[in-house]
Amino acid sequence: MATTLIAEIHQAQTKLPFLSRAERGALIVRILRELKILRREVLGNVSADRCVWIDKLITSVSSTVSEIVTMPDAEFNRVLNEFEKLMATLHNISHPQKPSKTVH
């Protein structure tokens, strides 16, 4: 799911000047949903005191969606870039790459 959302973030970045506030808002809400899922699935076994950062992020973004969607394009793009990095990191944690086997 995270990889699909990362692709959607890339697509939104290419069409950023043409995205409506509603489309921006829908994307941020999808990102929040995915963060909550990743928080539960990837960090569910990590002690709560070590996950305060993601809980605060989710709460902060949830309460400021309307402000985020009205950001100028460049700022909104930076927000999307940071979410993309976070999603990719959490996805990589949850789906570690297996080392490739080489044939000698």
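Of the 104 residues in the protein, 35% are buried. The model is predicted. The accessible surface is about 7,000 Å², and carbon and sulfur atoms hold 56% of that area.

The protein has five helices and zero strands. Read from the N terminus, the order of elements is α-α-α-α-α. Among contacts with a separation of 6 or more, 72% join residues 24 or more positions apart.

Take helix H2, residues 21-42. Its 22 residues should span 32 Å at 1.5 Å a residue, and the end C-alpha atoms lie 30 Å apart, so the two values agree. Which residues of H2 are buried? They are Arg24, Gly25, Leu27, Ile28, Ile31, Leu32, Glu34, Leu35, Leu38, Arg39 and Val42. An α-helix makes a turn every 3.6 residues, so positions three or four places apart point the same way. Within the buried list, Ile28, Ile31 and Leu35 can be picked out.

Those three residues return in the core. The largest nonpolar core has 28 residues, and Ile28, Ile31, Leu35 and Leu80 have the most contacts inside it. At least two residues of this core come from each of H1 (2-14), H2, H3 (52-63), H4 (65-69) and H5 (73-94).

Beyond its neighbours within four places in sequence, Leu80 contacts Ile9, Ala12, Gln13, Leu16, Leu27, Ile28 and Ile31. Leu27, Ile28 and Ile31 are among the buried residues of H2.

Last, the aromatic rings. The structure has zero aromatic pairs. The ring of Phe76 does have a charge over it: the charged end of Arg24 sits 4.5 Å from the ring centre. Arg24 is itself one of the buried residues of H2.

Terms used. Residues are numbered from 1 along each chain as its sequence is written. This is a predicted model: local features need pLDDT of at least 70, side-chain atom pairs count only at pLDDT 80 or more; totals for chains, interfaces and linings use all residues. Side-chain values use heavy atoms; hydrogens and water are left out. Helices (H or I, at least four residues) and strands (E, at least two) are DSSP runs, numbered from the N terminus. Buried means under 20% relative accessible area, exposed over 50%, partly exposed in between (1.4 Å probe, protein chains only). Contact means heavy atoms within 4.5 Å. Accessible areas come from the Shrake-Rupley method with a 1.4 Å probe; for residues, only the protein chains shown count as cover. Rings of Phe, Tyr and Trp (its six-membered ring) pair if their centres lie within 6.5 Å; planes under 30 degrees apart count as stacked, over 60 as edge-to-face and the rest as tilted. A charge sits over a ring if NZ of Lys or CZ of Arg is within 6 Å of the ring centre and within 35 degrees of the ring normal. The expected span of a helix is 1.5 Å times one less than its number of residues. A nonpolar core is a set of buried Ala, Val, Leu, Ile, Met, Phe, Trp, Tyr and Cys residues joined through side-chain atoms within 4.5 Å.
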